[in-house]
Amino acid sequence: MTDAPFVATDLPPAGDPLRQTITRTWLADEALLLEALAPLAARDDATAAAISAQAATWIRELRNRPQQGSILDAFLREYGLSSREGVLLMCLAEALLRVPDAPTAEKLIADIVGGADWARHLGRSESLLVNASTWGLLLTGRLVRLEDDVGLDTLLGRLVTRTSEPLVRLALRQAMRLMGEQFVMGPDIGSALRRARDEAAGTERHSFDMLGEGALTQADADLYLQRYRDAVAAIGAASTQRANDPVESRPGISVKLSALHPRYEEFQRGRVLRELRPRLLQLAIEARARNIGLTVDAEEADRLELSLDLVESVFDDDALAGWTGLGLAVQAVQKRTPAVIDWLVALAGRVGRPLAVRLVKGAYWDSEIQWAQERGLPAYPVWTRKVATDVAYLACARKLLDAGVARAYPMFATHNAHTIAWIAEAARAHPAWEFQRLHGMGEALYTLLREQHGLRTPVRVYAPVGSHEALLPYLVRRLLENGANTGFVHRIFDATVAPEALTADPVRALAAAENATLLPLPAELYPDRRNSRGLQLTDRRVQRELAQALTDATPTPLSWTAADPGAIPVAMRAAIDAQRDWNALPVTERASLLEDAADALQAQSSEFLHLLIREAGKTIPDAVGELRETVDFLRYYAQQARELMGATRVLPGPAGERNELRLRGRGVFACISPWNFPLSIFTGQVAAALVAGNAVIAKPAEQTPRVALRMARLWQQVGLPAHVLQVLPGDGDLGAAIVRHEATAGVAFTGSFEVARAIAQSLAARRAPLATLIAETGGQNALVADSSALPEQLVRDVLRSAFGSAGQRCSALRVLYVQDDIADRVIELLRGAMHELRIGDPGLLETDVGPVIDEGAQRALRAHIEELDQDRRILERVAVAADGPPGTFVGPVLAEIPGVGFLKHEHFGPILHVVRYRADDLDAVVDDLNASGFGLTLGIHSRIESTWRRIAERARVGNVYVNRPIIGAVVGSQPFGGEGWSGTGPKAGGPHYLPRFVSEQALCINTAAMGGNATLLAGVGTN
């Protein structure tokens, strides 16, 4: 144990009341927030009707124009997300252009294009390009389906002319590029500026966005910074005319902060403020010198308050005094945005000059919903209804307009006709504001308003700049937002949708809705049990509360000594006696006790988190995750037991006979749990055994006994009868003695394969009834990535899978197989990203890699690293700082090996081995993995469904994860367990686990012997 601080060494203060309101409304009740916002967005009946009517008129006029929108508008009309073809095309667009090798590209095309009905789209679009693309896709689809037993290479080969590339692949690449060009202003800032000059209408301005996702390495961040600096210089140089005009009327640039720093995250707040602030300030100073605006783009909800810290510190810097060109994008989809606008307006008032605020509907909605559910949050950070987002947008627009020109320059980004009409009416008297639209979208509507309805308000085009490869993630996000079935852009030209349906007043529509929320809360995710409650660790209020709770949660003194093997017979006799009465209880009572334990565990979570951090070396996110998994085990097994054992099962039989099948506990189970999950695996084993009617002798890992003893005390607190559960701490010899005892009816074990084999041999050698063995024994876990994988996503998932929990999970990634064609880029990213990981005190949120469990583990890992070093196989290693905290730390290591067969043992720590493979050798890769004998977890990164399904079917492995990390199995959703050397099954947290803990009794009753079969006689008369 240690007295080191928890959570952070420099937690920020709560801040002023407006900042506190921002934090407080993150997960606030949706209905209550909307109740307060609706009056801001509401208009009187006459005005609301006029706004809706005006917007409906615009839509009718737009539909009657000969050129109905851009090529992209036509594409979205024909291939929206309501069709399978639209979804498939997005998948194709996301992956095809970055696949470097022809064979993988052909597989991708065959996989995506061959499985859709392109014929029904042929000729339906008024766009020649869309119809031509449909014809090409139809041709390809027919070719792919022509002969199932003929390979795609043969089919495509028939179309090869004099080019070296098959015609179909070439055509589809061109189609994807053409679609991309509808979104991208140019591949570089020079070409984008030329296109903007040629296309700009009299009232159009531009804000250039240098495309790129978040940087993973410092080298990438440096590259993005230079691109931004070059773009600022180029925009300024190309805009010399009217150079002294107000900055609001000049072109600008949009900056993505996550591109400027490899760890732009809340947990790295101190480092980000030290390192990223100077970069943002430098860009702002250079933008000011050229009289162009700079807007900080909005990103995920977790990063919002960090972005506010940065914007505040830069906006208030003396170097920018008097400059009005700094802006910030805010997303109306987030619940906090109204409070954010209040704070920004107050900041501008305090500093004495206006801030430019770009109000957008928002991105990342689907991701925010998923993350909230995965984390078990109390609510969602975003509105769950589109109409609620529309109401919030109008309310935020009202706040910006009411702020006045001295505090805010509003920039309203929207393609929605009703929103445009509402703002145009509300802002009639406002002297300075603008509309914004995405390049390639909304152009037809704004052109109509300018040409036929006298729109004089400036319109700024948000113009992405970059290569087609850099476009892909951005493109998919925009299509998801604007091509969704409910999206205005998708429906504006749909003649089957009445204009009035698109222009209804959102305030009145929301009031008419039965519920303000559309989705069940994360706690209600599962239909038959409550989801475990998580912590929003990026919430600063939660951070402060957790820091205090962990500091105050000094664990109850748990004095213990290793149990003597001589205590086993006494414990066994007590367990046998207790099991009879425990087994006789109705399963409903046993299940209710598990649920009481789950509730008590959440109520006492601080003490358990403290133990997990200090005794087991868990980082805070890992400790929270383990506690939640424990709660889920308890509730899941309670629900499963009620279904399995809740009623006697009547089986069929002949007349005059009743057959029943009864389930009951087997007797006394030995539960032997590991140190890497000292709470969840310990409790999961014990809970399953108990709820099935068994007594338990538990032997926790000798490194983490206090966690198990504290959980045993909680069991007592909720009323578990004495001796039904007994915890005997000690070493492996003690566990072996428990296994050998003749009264042991079953063993649940998690640990090494060698120990599991010894347990099996010991059980078989006893002169006692054959016992059940349930073993989960680790693995030589691999991840296979083909060249269709997105390298940045792959590397993020690899970092988490290999180095999270210091590589000490059963499911941790040990071997990364990466296709030759992308291996160099992936390895380059990995090497750089590894050095961005923070090694240190697991009690601080900034820590990514905590200590390994003890000195023995540290020595074994260092020995393996030394062997790799001697063979010159190490590609990268991260040193442990000499001035860091004391502990058994091992820095992450990346080494290249020829294959999984090179590894003779499982190396349980932060060491990742990488293997290159050729595309033609994919089957051989899976065969090698199977030949290793292990079969716990396997990851696959591929955009080709036929590829990952083929690997999954061929692999002999218990858990397969596609395009995601390979750690973090969820109880009830991803039952966990392996085969071969990785365990016996069945899977923990799955529907087949509990039956292994019960015995069956068939009861046959001859009812005819007791006066005949009354039912039979009642149905058959005699004369």
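## The R918–D921 pair

R918 and D921 form a salt bridge in this predicted model. Their closest N and O atoms are 3.2 Å apart. R918 is partly exposed, at 48% relative accessibility. D921 is also partly exposed, with a value of 27%.

Elsewhere, salt bridges with shared partners build one network. Its members are R19, E266, R269, E305, D309, R336 and R540.

## Salt bridges across the chain

Side chains of opposite charge can pair when their charged atoms come close. The count for this model is 58 salt bridges.

## R825 and D220

R825 pairs with D220 in a salt bridge. The closest N and O atoms lie 3.7 Å apart. Which helices do R825 and D220 lie in? R825 belongs to helix α33, residues 820-834. D220 belongs to helix α11, residues 218-237.

D220 has a relative accessible area of 15%, so D220 is buried, the cut-off being under 20%.

## D632 and R529

D632 forms a salt bridge with R529. Here the closest N and O atoms are 3.6 Å apart. This pair also links distant parts of the chain, 103 residues apart. D632 sits in helix α27, residues 620-645. R529 sits in the loop between α22 (506-512) and α23 (540-552).

Both partners fall below the burial cut-off of 20%. D632 is buried at 5% relative accessibility. R529 is buried at 9%.

Where does F934 lie? F934 is in the loop between α35 (922-931) and β21 (937-941). Its relative accessibility is 17%, so F934 counts as buried.

What does F934 contact, leaving aside its neighbours within four places in sequence? The partners are G778, G779, Q780, L929, R956, E979, W981 and S982. One of them, G779, is 155 residues from F934 along the chain. The C-alpha atoms of F934 and G779 are separated by 5.2 Å.

Key. Residues are numbered from 1 along each chain as its sequence is written. This is a predicted model: local features need pLDDT of at least 70, side-chain atom pairs count only at pLDDT 80 or more; totals for chains, interfaces and linings use all residues. Side-chain values use heavy atoms; hydrogens and water are left out. Helices (H or I, at least four residues) and strands (E, at least two) are DSSP runs, numbered from the N terminus. Buried means under 20% relative accessible area, exposed over 50%, partly exposed in between (1.4 Å probe, protein chains only). Contact means heavy atoms within 4.5 Å. A salt bridge is a side-chain nitrogen of Lys or Arg within 4 Å of a carboxyl oxygen of Asp or Glu.
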